[in-house]
Amino acid sequence: MHTAEQTCQGFLDALASKAPVPGGGGASALVGALGTALCTMVGNYTVGKEKYAEVEEDVKALMAKAEDIRARLLALVDADAEAFEPLSKAYAIPKDDPNREAVMEQCLRDAAATPMEILRLSCQAIDLHREMLDKGSVMMLSDVGTGVIFCQSALYGAALNVRVNTKSMTDRTFAKAMDEETDALVEQYGTIARQVYNVILGRLA
């Protein structure tokens with residue numbers, strides 16, 4: 001069974017075990033999907049309310065984007081596990097094998113690509129929460145805040161999982177480019193998420 005199709009208990013048991021997958025990357029994708037689902041929930045409590053009629057179409061558009069991102073993040077739970085398996089096998093290739101370096105390098109790139117996608121989608125989800133903060137129901141402020149912090153956690157977790165793979169790459173130019181994109185997105189969207197969270201804290205004071 002795919003990890004994304006398991007019960008919550010089943011996924012957590014697998015995550016807690018000594019099995020190599022799921023791990024931090026898959027967990028980050030799932031947390032991001034949870035955060036994005038909260039964005040859609042806020043929208044569902046907003047549309048149809050006369051008070052928010054002027055922004056209803058905007059909110060519906062946010063919800064559609066959120067549902068697309070949620071589905072993609074959920075798919076990445078399994079994609080992360082699938083990318084790790086060849087890498088784990090590559091580490092077992094004898095060091096005197098002339099093909100080892102090339103195989104390792106490709107596996108590292110593949111393993112880094114999935115958390116990079118999780119990271120980018122988490123950024124998009126944070127943007128959705130920022131807009132939902134202004135257009136969603138004021139009764140749902142705590143859910144916007146929870147959602148954006150979940151997406152921030154997914155962002156940070158994904159960044160670490162990019163870095164753990166780029167660290168071992170022999171193509172340092174490629175690795176540096178991934179690291180720089182990762183760091184820039186973490187700085188930009190980590191800040192945005194904190195700003196949204198702090199605005200909500202202020203409104204709930």
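**Stop 1: α2 against α3**

Start by selecting two groups of residues. In α2, pick Gly-25, Gly-26, Ala-29, Leu-30, Gly-32, Ala-33, Thr-36, Ala-37, Cys-39, Thr-40, Gly-43 and Asn-44; they meet Val-59, Met-63, Ala-66, Glu-67, Ile-69, Arg-70, Leu-73, Leu-74, Leu-76, Val-77 and Asp-80 in α3. Colour them by class and you get 13 nonpolar, seven polar and three charged residues in the contact of α2 with α3. Keep in mind as you go that you are looking at a predicted model.

Helix α3 covers residues 56-90, and its axis comes within 8 Å of the axis of α2. The two axes cross at roughly 160°. Do α2 and α3 run roughly parallel or roughly antiparallel? An angle over 145 degrees counts as roughly antiparallel, so α2 and α3 are roughly antiparallel to each other. Their crossing is left-handed.

**Stop 2: Thr-40**

Stay on helix α2 and click Thr-40, which sits in this helix. Is Thr-40 buried or exposed? Thr-40 has a relative accessible area of 9%, and because buried means under 20%, Thr-40 is buried. Leave out residues up to four places away in sequence, and Thr-40 touches Met-63, Ala-66 and Glu-67.

**Stop 3**

Step back to the loop between α1 (8-16) and α2, where you'll find Pro-22. Zoom in on the peptide bond from Val-21 to Pro-22: this bond is cis, with omega near 0°. Why stop here? Most peptide bonds are trans.

**Stop 3: α2 against α4**

Next, show helix α2 (residues 24-44) together with α4. Their axes come within 10 Å and cross at roughly 20°. That makes α2 roughly parallel to α4, and this crossing is left-handed.

To see the contact itself, select Gly-25, Ser-28, Ala-29, Gly-35, Thr-36, Leu-38, Cys-39, Val-42 and Gly-43 in α2, which meet Ile-118, Ala-125, Leu-128, His-129 and Met-132 in α4. By class, the contact of α2 with α4 holds eight nonpolar, six polar and no charged residues.

**Stop 4: α4 against α6**

Helix α4 spans residues 100-135 and helix α6 spans residues 172-204; their axes come within 10 Å and cross at roughly 25°. How do α4 and α6 lie, roughly parallel or roughly antiparallel? The cut-off for roughly parallel is under 35 degrees, so α4 is roughly parallel to α6. In this contact of α4 with α6 you can count 16 nonpolar, one polar and seven charged residues. As for handedness, α4 passes α6 in a left-handed crossing.

**Stop 6**

Click Thr-182 in helix α6. With a relative accessible area of 1%, Thr-182 is buried. Which residues does Thr-182 touch, not counting residues up to four places away in sequence? Select Met-116, Leu-119, Ala-159 and Val-162 to see them.

Then jump to Gln-106 in helix α4. Gln-106 has a relative accessible area of 45% and is partly exposed.

**Stop 5: Gly-157**

Go to helix α5 (residues 141-166) and select Gly-157. At 14% relative accessibility, Gly-157 counts as buried. Use the distance tool again, this time to Pro-94: C-alpha to C-alpha, Gly-157 and Pro-94 are 31 Å apart in space and 63 residues apart in sequence.

**Last stop: zoom out**

The accessible surface of the protein chain comes to about 10,800 Å², and carbon and sulfur atoms account for 57% of that. Of the 205 residues in the protein chain, 44% are buried. Finally, consider contacts between residues at least 6 apart in sequence: 77% of these join residues at least 24 apart.

Notes
Residues numbered from 1 in each chain as written. Predicted model: local features only at pLDDT ≥ 70, side-chain atom pairs only at ≥ 80, totals over all residues. Heavy atoms only, no water. Axes fitted to C-alpha atoms, helices over the stretch in contact; angles between N-to-C directions. Helix = DSSP H or I, 4+ residues; strand = E, 2+ residues; numbered from the N terminus. Parallel < 35°, antiparallel > 145°, perpendicular 65-115°, else oblique. Left-handed = near helix turned anticlockwise from the far one by under 90°. Nonpolar A, V, L, I, M, F, W, Y, C, P; charged D, E, K, R; others polar. Buried < 20%, exposed > 50% of the residue type's maximum accessible area, 1.4 Å probe, protein only. Contact = heavy atoms within 4.5 Å. Areas by Shrake-Rupley, 256 points an atom, 1.4 Å probe, with all protein chains shown as cover.
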